[in-house]
Amino acid sequence: MTHTIAGKIAFITGITGQDGRYLAELLLSKGYVVHGLVRWDAAPVDPRLVEMGVVLHDGDMIDALNITGIIKAVQPDEIYNLAALSHVRVSFDTPGSTFDINAKGTLNILDAVRVLAMEERVRIYQASSSEMFGSSAAPQNEDTPFHPCSPYGVSKLAGYWLGRIYRDSYNMFIANGILFNHESPTRGADFVTRKITRAVAAIEAGQQERMTLGNLDSIRDWGHARDYVRGMWMMLQQDTPDDYVLATGKAHSVLEFVTLAFEAIGVELEWRGEGVDEIAVNAKTGKTVITIDPQLFRPKEVHYLLGDASKARTKMGWQPEIRFEQLIEEMIKADRREILSVLEETNDDGDLWRKAG
Ligand code: GDD
């Protein structure tokens, strides 16, 4: 059965996360009817999702019958499986639930489509991750061996292989998107980029003196989530299902990210000391603004992720449009605006911030 895009039905798990929201916006703008899965015990859901027109379903990725029932009721043309325990550090503390959600949850989606005999109708996007490459040498592409370094990485690898096995065994349209880090102003505050931009804005406003960070030397390929959800959609519009790396092809250290974030508010940093004693001071005032907290180091770290997205570029015509510096600027601006709106609500003096724009 062929469908025009208008009236196509999409089902997004992980709709409340950064990518879920951007993807929902994209699909709604293309005329899709968008349904989303919300974990039954989730914190209050942003009402804007419903205002945008997303149909929400309470459920649980680890409950196979529940997921099967929802997919049967929704009758989707496309499923985007974005639900996950996605924090690498947390996956060391909760490896069991990481596996339940990321590996068993993925299996529940794939199996639901199979037992409902919807294999021919439904196309599935599986959110795989560059964390699966782990300690493999950079740059990484679709042919790079996987050497995950965390329970999260292994659980994502299980989802990736389940996707490939179901694709080959049952002739299902399943695409693995192997996405490198992608950020935005709506990124969760416990990921390093947003943690930094929020802290920088708060330090500028005098609400906070300093921030603590973990490993400053780890290197990531950071893009913008808006570019990456477009790639997810493109993967499901191809003639045949395949796996694609999405990345910018440019790598930066955490130290570089934080340096540029401070530059965006006109503060130059001076680094002093080494290892866990390393600090950064505001070069003008001499005030310490960054210290290291060894608790933020991971039991095992992925040091260097740099993606090679040539396949996505050549086969799908995908390429990122938002540059690293623009991403940081947009995140800082949004966090400054957020502080300004809180200051205004509390009738505090927001003058300092009006220039933030
Ligand atoms: N979160 C965090 N907090 N990370 C820190 C900190 C800190 O205070 N200080 C240094 N880092 C380092 C981490 O050790 C890691 O090397 C790097 O910053 C990035 O950490 P995160 O932002 O937490 O992201 P991630 O790379 O571990 O994982 C993200 O990207 C993956 C794709 O590669 C997540 O979004 C995963 O879900 C995603 O699959």
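Start at the ligand: one of its oxygen atoms sits 2.7 Å from an N or O atom in the side chain of Arg220. Keep in mind that this is a predicted model. Ser130 and Asn181 also put side-chain N or O atoms by a ligand oxygen, at 2.4 Å for Ser130 and 2.8 Å for Asn181.

| Side chain (N or O atom) | Distance to a ligand oxygen atom |
|---|---|
| Ser130 | 2.4 Å |
| Arg220 | 2.7 Å |
| Asn181 | 2.8 Å |

There are 24 residues around the ligand, and the ones that come nearest are Ser130, Tyr152, Ser218, Arg298 and Glu301.

Tyr152 turns up again in a helix pair, on the helix 6 side of the contact between helix 5 and helix 6. Helix 5 (residues 95-115) packs on helix 6 (residues 151-170) at about 15°, with 8 Å between the axes. That angle is under 35 degrees, so helix 5 counts as roughly parallel to helix 6. The crossing is right-handed.

Helix 7 (residues 192-204) meets helix 9 (residues 254-263) at an angle of about 30°, and their axes are 10 Å apart. That makes helix 7 roughly parallel to helix 9. Here, too, the crossing is right-handed. From helix 7 come Val192, Thr193, Ile196, Thr197, Val200 and Ile203, and they meet Val254, Phe257, Val258, Ala261 and Phe262 of helix 9. Nine of the residues in this contact are nonpolar and two are polar, with no charged ones.

Definitions and conventions:
Residues numbered from 1 in each chain as written. Predicted model: local features only at pLDDT ≥ 70, side-chain atom pairs only at ≥ 80, totals over all residues. Heavy atoms only, no water. Axes fitted to C-alpha atoms, helices over the stretch in contact; angles between N-to-C directions. Helix = DSSP H or I, 4+ residues; strand = E, 2+ residues; numbered from the N terminus. Parallel < 35°, antiparallel > 145°, perpendicular 65-115°, else oblique. Left-handed = near helix turned anticlockwise from the far one by under 90°. Contact = heavy atoms within 4.5 Å. Nonpolar A, V, L, I, M, F, W, Y, C, P; charged D, E, K, R; others polar. Near = heavy atom within 4 Å. Polar contact = N/O pair within 3.5 Å; in protein donor to acceptor, adjacent residues only side chain to side chain.
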